Amino acid sequence: MQVTVLGAGTMGHGIAQVTAMADHDIVVRDVEPEYVENGLESIEANLEGGIERDKLTREEADATLSRIDGTTDLTEALEGADLVIEAVPEDLDLKRDTLEDVEGVVDEGTTIATNTSSLSVTEIASAAEHDDRVIGLHFFNPVHIMELVEIVVPEQASEETVATAHEFVEDIDKTAVEVTDSPGFASSRLGVALGVEAMRMVEEGVADPHDIDAAMELGYNHPMGPIELGDVVGLDVRLDILEYLREELGERFRPPQVLKRKVRAGKLGKKTGEGFYVWEDGEIVGVSGGGGDE
């Protein structure tokens with residue numbers, strides 16, 4: 001299968017990697033050459049890490065890289081594509097515009113997937129003339145490690161499109177859960193609900209972030225606690241999702257003030273070096289003081 005991934009960022013290059021590892025030919029496209037180059041370098045680094053951990057051989061890594069091309073040319077990227085997966089930033093208008101651009105190039109038989117974590121796939125799909133071929137494929141970060149892919153079915157999707165999505169997920173050795181398109185789907189809605197309550201507990205002084213995270217990791221066998229996960233995902237991303245869910249589903253998803261303050265202060269988590277925790281070289285080295293105003 002020829003697969004095109006639009007967006008070479010964290011999710012895009014991860015999707016490209018696992019797809020190429022499943023023997024599919026991949027083209028990764030982004031708007032700037034440096035973005036494409038960074039994405040390809042990240043794939044190579046992930047594969048090198050896999051070799052060091054004896055997860056794959058040098059030959060398998062080289063074969064994977066040989067199946068991946070990068071470009072900034074949209075028409076070139078879409079040529080001959082059987083499946084297009086857009087992994088552009090989480091902006092509804094941008095995703096709808098991307099869908100329109102894709103549909104202007106690909107054949108009518110091409111399946112188009114959107115990798116969104118919370119936006120309405122039904123609304124994204126409505127930008128397409130042939131909206132029955134649009135589906136949601138929600139991958140999880142890091143893509144090459146996380147097993148789950150959430151297949152989000154909009155109202156317009158045909159049975160053939162849904163079947164194609166399931167076949168693809170199975171073929172790349174992931175596990176699919178199918179959900180009807182609704183705000184937050186299953187994973188984001190449940191995950192954010194847990195995360196926002198954990199933030200409120202910090203805000204109310206119930207316990208510090210370490211102890212809240214330890215309670216879920218040791219008591220419920222979660223691989224990562226909800227506060228740490230928020231820092232890893234990005235507190236700005238968490239805030240955007242909460243505001244969207246509050247608008248769609250009500251006040252139970254109201255963002256806590258501590259989250260708003262941290263985002264205003266630019267304390268977005270691991271990517272900025274501080275969120276609820278303090279981070280150095282990708283590792284937690286302490287708990288952030290205050291709520292983000294200082």
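Predicted model: local features only at pLDDT ≥ 70, side-chain atom pairs only at ≥ 80, totals over all residues.

Me: At what angle do helix H9 and helix H10 pack, and how far apart are their axes?

Reply: Helix H9 (residues 209-219) packs with helix H10 (residues 226-233) at about 105 degrees, and their axes are 7 Å apart. Angles of 65 to 115 degrees count as roughly perpendicular, so H9 is roughly perpendicular to H10.

Me: Which residues make the contact?

Reply: H9 contributes Pro209, Ile212, Asp213, Met216 and Glu217, while H10 contributes Pro226, Ile227 and Glu228. Sorted by class, the contact of H9 with H10 has five nonpolar residues, three charged residues and no polar ones.

Me: Which residues of H5 are buried, and where on the helix do they fall?

Reply: The general idea comes first: an α-helix has 3.6 residues a turn, so residues three or four places apart point the same way. In H5, the buried residues are Lys95, Thr98, Leu99, Val102 and Glu103. Viewed down the axis of H5, these buried residues fall within an arc of 130 degrees, so they line one face of the helix. They pack against several elements, among them strand E1 (2-6), helix H4 (74-78) and strand E6 (134-139).

Me: Is serine 117 buried or exposed?

Reply: A residue counts as buried under 20% relative accessible area. Serine 117 has 19% relative accessibility and therefore counts as buried. Serine 117 lies in the loop between E5 and H6. Leaving aside residues up to four places away in sequence, serine 117 touches Glu90, His138, Gly184, Phe185, Ser188 and Ile241.

Me: Which residues does the cis peptide bond join?

Reply: The cis peptide bond joins asparagine 141 and proline 142, with omega at about 0 degrees. Proline 142 lies in the loop between E6 and strand E7 (148-153).

Me: What is the phi of aspartate 173, and what is that of aspartate 281?

Reply: Aspartate 173 is not a glycine, although its phi is positive, at about 65 degrees. Aspartate 281, likewise a residue other than glycine, has a positive phi near 55 degrees.

Me: Are these residues buried or exposed?

Reply: Over 50% counts as exposed. Aspartate 173 counts as exposed because its relative accessibility is 67%, and aspartate 281 is exposed at 80%. Aspartate 281 lies in the loop between strand E9 (277-280) and strand E10 (283-287).

Technical notes: Residues numbered from 1 in each chain as written. Heavy atoms only, no water. Axes fitted to C-alpha atoms, helices over the stretch in contact; angles between N-to-C directions. Helix = DSSP H or I, 4+ residues; strand = E, 2+ residues; numbered from the N terminus. Parallel < 35°, antiparallel > 145°, perpendicular 65-115°, else oblique. Contact = heavy atoms within 4.5 Å. Nonpolar A, V, L, I, M, F, W, Y, C, P; charged D, E, K, R; others polar. Buried < 20%, exposed > 50% of the residue type's maximum accessible area, 1.4 Å probe, protein only. Arc of directions from axis to C-beta.
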